[in-house]
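Please open the model in your viewer and keep a selection tool at hand. The tour below moves from one selection to the next and says what is to be found at each stop.

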Amino acid sequence: MSNTTHSEVSTTLPGVWSCNEWDPLVEVIVGNALGARLPHPDKSTNLAEFAGYSLDEIPTGAFPDRIIEEAEEDLAAMVKSLEDLDIVVRRPDTWPHDEVVSTPFWSTKGYYNYCPRDIFLVLGNQIIETPNVIRGRFLEAHSYREILMEYFKAGAKWYSAPKPMLLDTLFEVDHELPIPREDEPVFDAANVLRFGRDLVYLISSTGNELGAQWLQTILGDEFKVHVCRIDYHGSHIDTSVVALRPGLLLCNPERVTREMLPSIFDKWEVIYSPPMVGADRFDSDYLARSIGSSWIDMNLFSVSPELVVVDRDQLPLIKLIEEHGIDVLPLKLRHSRMMGGGFHCATLDTKRKGSLENYFD
């Protein structure tokens with residue numbers, strides 16, 4: 001069952017309150033690796049995670065027991081480190097991901113609830129269940145239902161985007177440019193970075209134009225959604241662009257140039273990550289079954305503007321961050337590559353101190 005792994009839950013903030021990627025952290029959901037599976041090979045998975053593969057080439061089934069055990073050990077270490085900083089940590093229910101998920105038009109199996117970042121978008125006192133692209137995530141939000149009910153009863157505004165049909169036709173596109181067709185709004189929450197009243201939305205295999213349009217429509221004039229296109233269509237934005245604090249972005253040198261960023265960042269400092277180290281620790285069989293890219297360890301999670309969680313082996317990246325006056329909490333997710341989720345993916349900050357601001361006036 002879901003639980004709170006800290007003795008007290010903050011009562012000074014509404015049900016949820018998180019306006020950006022960096023304000024001081026008060027409460028966070030950390031994912032659960034138990035029962036995790038590779039996404040079932042279907043047209044949605046083919047486009048969103050394994051573009052260019054045939055369905056027969058897509059790895060399938062449960063993650064090996066060793067992977068699950070070590071992933072849970074690493075998540076537990078992160079939980080303890082955050083608790084030691086007096087941060088409230090929540091965990092979702094363990095869920096039967098091996099059960100069949102179906103509609104009248106398709107049938108698949110579940111995926112995991114390792115990455116809460118992918119399925120919920122927190123904007124101030126609002127929490128939005130997003131219209132995810134992968135069919136196996138269709139019911140994933142249910143494993144967070146107890147937590148969501150608590151947030152709702154405490155005053156959170158809780159929405160769910162229109163449930164997409166995810167018909168085969170949505171995914172019938174050129175895999176050289178693997179973006180779902182504009183048949184209906186679809187996007188993962190991790191396509192979005194939050195900068196107070198401004199949101200940056202990545203067009204990719206997990207987010208189409210209609211998804212950005214729906215988000216802008218539901219949010220109204222209080223927020224502005226800025227569509228972003230970079231030299232990456234694989235999935236989410238947070239291994240390409242990382243918001244460290246007001247005025248400072250960390251970007252992926254292989255995917256992002258300044259010209260690709262929305263013009264709101266013209267006055268911000270943009271620094272580029274050094275190459276990731278340690279990619280050679282994986283053999284070819286491991287990589288063939290991996291969801292994440294070689295840049296997964298760029299997936300940082302900010303505890304505050306002065307402290308960020310970084311993979312402990314990425315010493316060049318740690319040095320760069322420290323040179324910009326930010327301390328590092330070095331931790332490890334040994335299977336971030338296989339499971340497709342680093343520290344930002346595996347967390348969802350539901351409460352941060354601070355206010356809803358405009359950072360681009």
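Which residues form one aromatic cluster? Select Trp 22, Phe 195, Phe 265, Trp 268, Tyr 359 and Phe 360, and the cluster is on screen; rings of Phe, Tyr and Trp (for Trp the six-membered ring) are taken to pair if their centres lie within 6.5 Å, with planes under 30 degrees apart called stacked, over 60 edge-to-face and the rest tilted.

Before going further, note that this is a predicted model, in which local features need pLDDT of at least 70 and side-chain atom pairs count only at pLDDT 80 or more, while totals for chains, interfaces and linings use all residues. Residues are numbered from 1 along each chain as its sequence is written, and side-chain values use heavy atoms, with hydrogens and water left out.

**The whole chain**

Zoom out and colour by secondary structure: the chain holds 7 helices and 18 strands, these being DSSP runs (H or I of at least four residues for helices, E of at least two for strands) numbered from the N terminus. The C-alpha trace spans about 50 × 45 × 40 Å along its principal axes. The radius of gyration is 19 Å, which agrees with the value near 21 Å that a compact globule of 361 residues would have; the radius is taken over C-alpha atoms, and the globule rule is 2.2 Å times the number of residues to the power 0.38.

Colouring by accessibility comes next, and 60% of the 361 residues count as buried, where buried means under 20% relative accessible area, exposed over 50% and partly exposed in between, with a 1.4 Å probe and protein chains only. Among contacts (heavy atoms within 4.5 Å) between residues at least 6 apart in sequence, 71% join residues at least 24 apart.

If you colour by charge, you will find 33 positive and 56 negative side chains, and the centres of the two sets lie 2 Å apart. In this count Lys and Arg are positive and Asp and Glu negative, with His and the chain ends not counted, and each charge is placed at NZ of Lys, CZ of Arg, CG of Asp or CD of Glu.

**Aromatic pairs**

There are 17 aromatic pairs in the structure. Select Tyr 111 and Tyr 112, whose ring centres are 4.0 Å apart with planes at 10°, so this pair is stacked. Tyr 111 is buried at a relative accessible area of 1%, and Tyr 112 is likewise buried at 1%. Now return to Phe 265 and Trp 268, two members of the cluster: their ring centres lie 5.3 Å apart and their planes stand at 80°, so the pair is edge-to-face. Both Phe 265 and Trp 268 are buried.

**Two positive phi values**

Most residues other than glycine have a negative phi. Select Asp 86, in the loop between α2 (65–83) and β3 (88–91), where phi is positive at about 65° although the residue is not a glycine; Asp 86 is exposed, at 61% relative accessibility. Then select Leu 166, in the loop between β8 (157–160) and β9 (192–195), where phi is near 55°. Leu 166 is buried, with a relative accessible area of 0%.

**Across the sequence**

Next, select Leu 75 in helix α2, which is buried at 0% relative accessibility. Computed along the chain, Thr 347 is 272 residues from Leu 75, yet the C-alpha atoms of the two are 9.8 Å apart.

Where does Glu 357 lie? Glu 357 is in the segment after β18 (347–352) and is partly exposed, with a relative accessible area of 36%. Leaving out neighbours within four places in sequence, Glu 357 is in contact with Phe 195, Gly 196 and Arg 197, and its C-alpha lies 5.0 Å from that of Gly 196, although 161 residues separate them in sequence.

As a last stop, select Glu 254 in the loop between β13 (248–251) and β14 (269–272), exposed at 58% relative accessibility. Beyond residues up to four places away in sequence, Glu 254 touches Asp 231 and Trp 295.
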